[in-house]
Amino acid sequence: MLPPDTVPVFRHTSGANYRTGDLKLGCAAVLADLQRYLRVPFDCLVKRVGALPSLQDLQRIRNNLTESKILTDDESGFRWTDFTLPTASKGFEENVFEHLGRIIDQILADIPNRRVSFAANPNVTPLSERNNTSRPDGYLVLSNEKNLRKIHWFDIAVPFEFKKTQDRESLRDDKEKIIWSLHSIMREDLRRRFAFGITIEDMQLRLWFSNRAFLAVTEPIDFFQNVDGVISLFYALGSASASSAMIELGWDPTVERIPHFRDEAFTTTRELATYGADSMVGRGTRVYEATDSEGKKVAVNDSWRDFGCLSEGKILENFLASCAERLPREELVDGKKHFVQVRLWEDVMVDDTPDETLNLTIAEEYSHTRMWVLINPNRILSATPHLPSTGDIPDSGQLSDLLSPHFVNPQKQDTSIPRRVHTRIVFHDVGVALKDVTSLVDNLSCLSGALKALYYMHKSGFVHRDFSIGNVIWVGGVGKLVDFEYAKRIDSNTSSDVRTGTRPFMAVEVESQKYLFFPPPTWSELDKDSDAPPPFCMNFLHDIESLWWAFAWTLFYHTDMETANSYDYDVHAQWNQYHIVFPVMIGRVQRQDFFTHHYHLLETCNKFISEKCRKVCGGIAHFAHDIRKNYKIAEAVYPSLALDDALLEIMHKQAAKHLSLAQENARNIELCPLPDLLKPKRSRPKNETSLVPTNQGKKKARIA
């Protein structure tokens with residue numbers, strides 16, 4: 001029996017709330033996606049930062065701190081000279097922690113060739129490519145950038161958050177802010193493989209760590225009592241910055257130039273899709289247009305796959321080998337026209353070692369003290385938000401109530417620590433994503449090309465399992481299918497996560513993780529003891545239904561330009577209906593009803609789709625009817641499934657016919673996205689431009 005597919009999980013950072021620009025909603029989405037973080041001993045994580053000071057180094061630094069009158073050594077032991085207990089101070093936080101800068105600077109001064117320095121209470125918001133107006137309380141920043149008028153999130157090595165007290169509200173506020181800062185660093189900068197952060201509440205200091213597999217925080221140390229621990233931490237961070245590539249602080253040395261891999265380097269020229277990096281944990285996929293040394297355009301995909309899973313490049317190799325075995329030559333030639341063509345692929349190497357997320361399982365001496373802490377997403381977010389220096393994005397007014405975190409019982413929960421592998425793949429094809437093709441006839445032609453790709457894929461015994469408007473591109477008048485990371489053989493005995501970022505295009509059975517179209521049992525069958533239902537697995541009909549949802553999305557997300565410019569067009573009515581048909585959450589009944597109820601679907605299309613697009617929209621209902629009919633044929637003998645070659649041919653011919661008819665009715669229709677007609681977002685002030693700093697230059701993505 002085949003194993004079931006993993007239950008799909010919705011990514012809140014792919015939802016509409018995250019993209020509103022509202023800081024509170026953005027933080028809520030990030031926390032909801034994280035779900036949990038790992039709590040580890042302080043020493044366990046500090047040892048992974050950089051070189052720790054020897055006993056001689058510790059003594060030397062203590063002496064230097066004492067001579068500088070930063071540290072006092074008396075009968076009570078070592079203490080920070082001018083640093084009074086924050087809870088006892090009546091001043092503002094920025095004044096209370098002002099002396100922290102002197103401590104850090106003096107420790108860093110003992111490290112030759114260090115490349116970071118400390119900045120506290122910065123009075124400007126870091127530059128951002130994402131209109132992010134948040135501002136950390138302090139940060140370790142690249143030294144050559146400290147004196148610049150504007151710092152970019154690219155330049156921040158380690159963000160800080162401070163509180164005078166360590167009450168529940170202060171702990172929560174610092175936690176949410178440092179998570180948002182780490183999230184901002186990881187999503188803004190292609191070069192960051194991981195990042196550290198620091199929070200201090202009164203005397204309690206914690207070190208945070210974020211990568212594409214998990215978020216971790218240490219047990220607190222006493223900032224006043226554990227002087228050697230403080231020295232060791234900042235010495236390790238400074239030492240990690242001393243190398244030219246700053247690998248131990250999370251920077252990726254391969255995003256510059258690697259001459260030894262086939263002598264090829266690629267310079268990125270623009271972003272194609274980077275929303276995959278919005279979630280703190282996960283694949284973190286970024287796709288860039290780039291040029292090679294001869295100026296030829298390519299697409300570079302940078303991501304983090306699950307440890308132990310095949311890379312997309314290897315999956316494509318296996319799939320194309322299966323096509324060569326099973327397809328006639330003419331079909332193989334035609335099929336390759338509709339699959340994205342790979343130029344290079346390989347896992348990223350850093351210092352001749354595969355680049356993988358931190359493996360904390362090797363520190364077995366700490367295994368009994370590690371603990372997962374659950375994040376409750378239904379929490380009131382920061383009552384004292386990051387203060388922007390140039391205004392704020394308007395608050396949407398949508399809040400949630402916050403509870404304390406829940407500790408995971410290791411006997412009842414998966415306590416394993418996820419791991420991921422950094423990989424890159426370079427494609428010959430650079431095109432326009434289906435979602436950005438605004439000529440309706442071209443949009444449908446692009447879908448038809450993707451349908452051909454699915455046909456050859458299904459004939460070769462594979463299912464794609466991740467069809468969406470972002471995974472189809474329009475290249476020189478040809479629709480091509482991309483993103484094969486979750487493709488697998490139909491009869492495979494392995495399972496992998498269903499893509500979580502394309503929720504609106506999941507087949508309704510995939511969303512519910514059960515078969516829905518089998519006939520009801522007879523009276524005699526009701527009296528029998530029934531066997532357990534078979535595990536749910538995706539099949540070729542689910543890929544076709546995902547394509548159908550992409551077809552429907554095009555018509556509900558857009559209207560035609562003529563209607564858009566008409567006086568009496570109600571854009572809000574169609575926009576509201578779009579959110580009913582494509583809700584942000586999994587399990588909404590309206591979505592399933594839209595697909596399964598023929599007359600309701602027809603009525604909805606006639607009511608909300610413009611008259612000019614209605615002839616095209618008419619095919620949606622009949623297309624859905626044919627998919628449902630074929631589901632019933634396949635599930636007629638449930639719990640067995642009749643997924644034979646004859647049904648595959650029938651379904652694909654019907655799908656091709658519906659798209660062909662739609663194209664005939666779509667000529668001369670130019671589409672207008674509904675968001676373009678809605679109230680625009682806040683414009684960025686003149687002094688808040690996000691130009692790439694001079695130190696950044698051009699980024700070169702390379703295969704290592």
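These legends go with a set of close-up views of a predicted model.

The model is predicted, so local features are only taken where pLDDT is at least 70 and side-chain atom pairs only at pLDDT 80 or more, while totals for chains, interfaces and linings use all residues. Residues are numbered from 1 along each chain as its sequence is written, and side-chain values use heavy atoms, with hydrogens and water left out.

**View 1. The whole protein, before zooming in.** The protein has 19 helices and 27 strands; these are DSSP runs numbered from the N terminus, with helices being H or I of at least four residues and strands being E of at least two. Of its 704 residues, 56% are buried, where buried means under 20% relative accessible area, exposed means over 50% and partly exposed is in between (1.4 Å probe, protein chains only). Take the contacts between residues at least 6 apart in sequence: 75% of them join residues at least 24 apart. A contact here means heavy atoms within 4.5 Å.

**View 2. W548 in the largest nonpolar core.** This core holds 90 residues, and W548 and F551 touch the most other members. A nonpolar core is a set of buried Ala, Val, Leu, Ile, Met, Phe, Trp, Tyr and Cys residues joined through side-chain atoms within 4.5 Å. Helix 13 (residues 540–557) gives the most to it, with 13 residues. Setting aside neighbours within four places in sequence, W548 contacts F594, F595, L601, I620, F623, A624 and I627. Another core, of 59 residues, lies apart from this one and includes F97, I107, L140 and V227.

**View 3. D252, a buried aspartate in a loop.** D252 sits between helix 7 (227–241) and strand 11 (266–273). With a relative accessible area of 4%, D252 is buried. Its side chain makes a polar contact with the side chain of T254 at 2.6 Å. A polar contact is a pair of N or O atoms within 3.5 Å; within protein, one must be able to donate a hydrogen and the other to accept it, and residues adjacent in sequence count only if both atoms are side-chain atoms. Not counting residues up to four places away in sequence, D252 also touches R191, R193, V348, H422 and R424.

**View 4. Helix 9 meets helix 10.** The axes of helix 9 (residues 329–337) and helix 10 (residues 440–459) come within 9 Å and cross at roughly 130°. Axes are lines fitted to C-alpha atoms, for helices over the stretch in contact, and angles run from 0 to 180 degrees between N-to-C directions. That angle makes helix 9 oblique to helix 10; under 35 degrees would be roughly parallel, over 145 roughly antiparallel and 65 to 115 roughly perpendicular, with the rest oblique. On the helix 9 side, E331, D334 and G335 meet K452, Y455, Y456 and K459 of helix 10.

**View 5. Two aspartates with positive phi.** D202 has a positive phi of about 55° although it is not a glycine. D202 is in the loop between strand 7 (195–201) and strand 8 (204–210), and counts as buried at 5% relative accessibility. For D351, phi is near 55°. D351 is in the loop between strand 15 (349–350) and strand 16 (353–354), and counts as exposed at 61% relative accessibility.

**View 6. The cis peptide bond at P639.** The bond from Y638 to P639 is cis, with omega near 20°. P639 lies in the loop between helix 18 (611–634) and helix 19 (645–664).
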